[in-house]
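I opened my notebook on this one to look at its helices, its core and its charged pairs. Here are my entries, in the order I made them.

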Amino acid sequence: MMSSGLPHGLLEQVVTPEPEKEKDTAGLTPGDKKIIRRIWGLLQKDMCNNGMTILNKLFEIAPGALKLFRFRYHNDLMRSFSFKAHSYAVMNAMDDVIKNLDDLNKIVHILRTLGKLHAEFKVEPIHFLVFRAALLMSLKGALNDVWTHEVETAWTRLCDALDAVMKKALIEEIQLQKTKEMSKAPKTRRRKMIGKGVKFSEKKTQRKKNKA
């Protein structure tokens with residue numbers, strides 16, 4: 001289970017609902033950002049275990065996603081160094097985003113980089129949606145009474161923004177890779193044809209020599 005590190009009775013200090021204010025272009029209000037930072041401060045206390053909880057939830061929702069990772073053959077994921085390292089990397093990426101909530105350009109750059117990177121590992125757009133669900137479900141399970149409507153709204157808005165930007169970057173990168181593959185294909189076929197032509201010519205020349 002994710003460890004929130006929240007002392008009993010401090011719910012009011014963690015979540016202080018604020019009047020709805022104008023959202024920024026990421027869809028977050030100042031109140032959303034405040035809530036996100038407070039909750040993240042609790043989760044930071046055990047980055048690795050909380051990251052493993054989120055990934056385990058992801059594999060619970062979509063078991064087939066496990067095949068995308070190099071630790072897929074490990075019998076006990078909780079003992080896998082690779083699994084722990086990836087879990088920590090996921091949390092570090094989230095940390096980078098949350099540290100830059102007031103810098104939209106920086107967030108977009110981070111998320112687009114991550115989206116493009118995942119294309120190399122055959123990740124599909126649907127997997128980001130699964131991660132979104134795994135993150136929200138893990139938070140809800142860990143925070144219990146702290147998971148109020150205000151908290152859910154703030155984190156849902158954040159997850160929607162993460163999903164949208166990363167998915168767009170992933171799709172663009174997948175299409176770019178396909179375009180590159182298609183552009184290389186004719187050249188490959190020409191090389192094969194040229195190679196076959198040379199071999200045919202050599203055989204024909206050899207037959208003429210044998211007849212002579």
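Predicted model: local features only at pLDDT ≥ 70, side-chain atom pairs only at ≥ 80, totals over all residues.

Arg-112 is partly exposed, at a relative accessible area of 23%. I then looked up its partner: Arg-112 forms a salt bridge with Glu-172, and the closest N and O atoms are 2.6 Å apart. Glu-172 sits in helix α7 and Arg-112 in helix α5, so this pair ties together parts that are 60 residues apart in sequence. Glu-172 is partly exposed too, at 31%.

Next I turned to helix α5 itself. Its 16 residues (104-119) should span 22 Å at 1.5 Å a residue, and I found the end C-alpha atoms 23 Å apart, which agrees. The buried residues in α5 are Ile-107, Ile-110, Leu-111, Gly-115 and Ala-119.

Then the core. Which residues touch the most other members of the largest nonpolar core? Of its 48 residues, they are Ile-39, Phe-59, Trp-155 and Leu-158. The elements giving two or more residues to this core are α2, α3, α4, α5, α6 and α7.

Back to charges: I have ten salt bridges in the count. One of them joins Arg-132 and Asp-160, at 2.8 Å from N to O. That pair links distant parts of the chain, with Arg-132 in helix α6 and Asp-160 in helix α7, 28 residues apart.

My last entry stays within α7. Lys-167 and Asp-163 form a salt bridge at 3.2 Å, and they lie four residues apart, about one turn of the helix. Is Asp-163 buried or exposed? Asp-163 is buried, with a relative accessible area of 12%, while Lys-167 is partly exposed at 24%.

Methods
Residues numbered from 1 in each chain as written. Heavy atoms only, no water. Expected span 1.5 Å × (residues − 1). Buried < 20%, exposed > 50% of the residue type's maximum accessible area, 1.4 Å probe, protein only. Core = buried A, V, L, I, M, F, W, Y, C linked by side-chain atoms within 4.5 Å. Salt bridge = Lys/Arg side-chain N within 4 Å of Asp/Glu carboxyl O.
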